[in-house]
4 protein chains.
Amino acid sequence: MDSPEEAAIRTADAENVPQHGYTANKEAYLRRLKRIEGQVRGIARMVDEDKYCIDILTQVAAVNKALHAVSLGLVEEHIGHCVVGAASEPDPALRAETIDFKVKEATDAIGRLLR
Amino acid sequence: MDSPEEAAIRTADAENVPQHGYTANKEAYLRRLKRIEGQVRGIARMVDEDKYCIDILTQVAAVNKALHAVSLGLVEEHIGHCVVGAASEPDPALRAETIDFKVKEATDAIGRLLR
Amino acid sequence: MDSPEEAAIRTADAENVPQHGYTANKEAYLRRLKRIEGQVRGIARMVDEDKYCIDILTQVAAVNKALHAVSLGLVEEHIGHCVVGAASEPDPALRAETIDFKVKEATDAIGRLLR
Amino acid sequence: MDSPEEAAIRTADAENVPQHGYTANKEAYLRRLKRIEGQVRGIARMVDEDKYCIDILTQVAAVNKALHAVSLGLVEEHIGHCVVGAASEPDPALRAETIDFKVKEATDAIGRLLR
């Protein structure tokens, strides 16, 4: 017997090959993360070259902002895909349980971003 | 034609006039907001009595945290109710459009909280 | 024997009657906090009147922003007054210890705001 | 005329060419930033391997937290070094102006982190 989430994931895996919300924009996410990785490397270079603390903090704030944009994108696609996907489960009891699980999971993830 | 579940959801929508996700927990939200209002008044009193800045900042951080908890609760109920509700729209074209709108709207609201 | 912070506080208390950084702007802070208190009451009213969750979340984000502005103001005046004040302590050993204590205390407060 | 302490501070300023607060902990900062860079690369790998969105969001939240810790460290050393350093400027008019500038600059940087 599966938990609702396992069932939901397997259904998604079997039916939709690109199975997560973000998969359609995968290349764009990879480019953004590559750029963020470069920004973090740039901050390390600034520390190494004894740059002024305030200028380093400005770059840290820019990375925070770029990461926020990535996470909001993932949240949007997660809600639009995985949460809404749970709502199309035909068995009403399983549907209610799956939706609750997915919504709780998404909200917990958002809560970790807010902190 | 509706499935029995879809009919049930639409009946529920028609019957529960106060239709938002948070309505079931309205009293709890009102109590939490009352408490936050009292915390803000307490901060004003600390300023008025020239309390130490750090102690005031600690109270401000506590209000931030309490507001975060309220907003996460609202986000959870919004996703579970309004977004998932959009997924029960029977007309597929209208459903897709409604879901997109609701998901974008929820993500924008989360984005304003993250900032 | 006093701890450095107790000594610093007592010196400040004795010499500068308006002893915290924010005291000069006390009226402005009280007005801003009064307005925030009203905003929180407005959110409670929206919940009570079953307003749309997204509109409530927008108001919560506005309160967050207003609180951030208040806390940044307090941080600025705390650093400019209490931390810099510690730097004017004449005994070098006590000065170093007081500065360390004040800086750590301010950073911890900022850390609680960041979370 | 300087007090001996003031003279000592100025000598220290002249001798330590890389004069920022974080310089003493440079290696530790470089290690932490290296680790964060690796975490960002790990997130890109998760996206590339179509990992579950919630697990990716959890990793993004961990990077946010690690960056917050780095920025708090920089803020602490900036206040303790550059802001307090401004307070040792012997000319009182220039000192007041320098302190104001440094405190404003630090607060603006903290404000960018809060957003």
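Here is a short chat about charged side chains in this predicted model.

Trainee: How many salt bridges are found over all chains?

Mentor: Good place to start! Side chains of opposite charge can pair when their charged atoms come close. A search of the whole structure for such salt bridges, over all chains, gives 24.

Trainee: Which residue forms a salt bridge with C:Lys26?

Mentor: Let's look at where the pair sits. The closest N and O atoms of the two partners are 3.2 Å apart. C:Lys26 belongs to helix α2 (residues 26-48) of chain C, while the partner is in the loop between α2 (26-48) and α3 (53-86) of chain B, so the pair joins two chains. That partner is B:Asp50.

Trainee: What is the N to O distance in the salt bridge of D:Glu37 and D:Lys34?

Mentor: Nice one! Both residues lie in helix α2 (residues 26-48) of chain D, 3 residues apart, about one turn of the helix. D:Glu37 is buried at 5% relative accessible area, whereas D:Lys34 is exposed at 54%. Their side chains meet in a salt bridge with an N to O distance of 3.9 Å.

How values were computed. Residues are numbered from 1 along each chain as its sequence is written. Chains are lettered from A and ligands numbered from 1 in the order in which they are written. This is a predicted model: local features need pLDDT of at least 70, side-chain atom pairs count only at pLDDT 80 or more; totals for chains, interfaces and linings use all residues. Side-chain values use heavy atoms; hydrogens and water are left out. A salt bridge is a side-chain nitrogen of Lys or Arg within 4 Å of a carboxyl oxygen of Asp or Glu. Helices (H or I, at least four residues) and strands (E, at least two) are DSSP runs, numbered from the N terminus. Buried means under 20% relative accessible area, exposed over 50%, partly exposed in between (1.4 Å probe, protein chains only).
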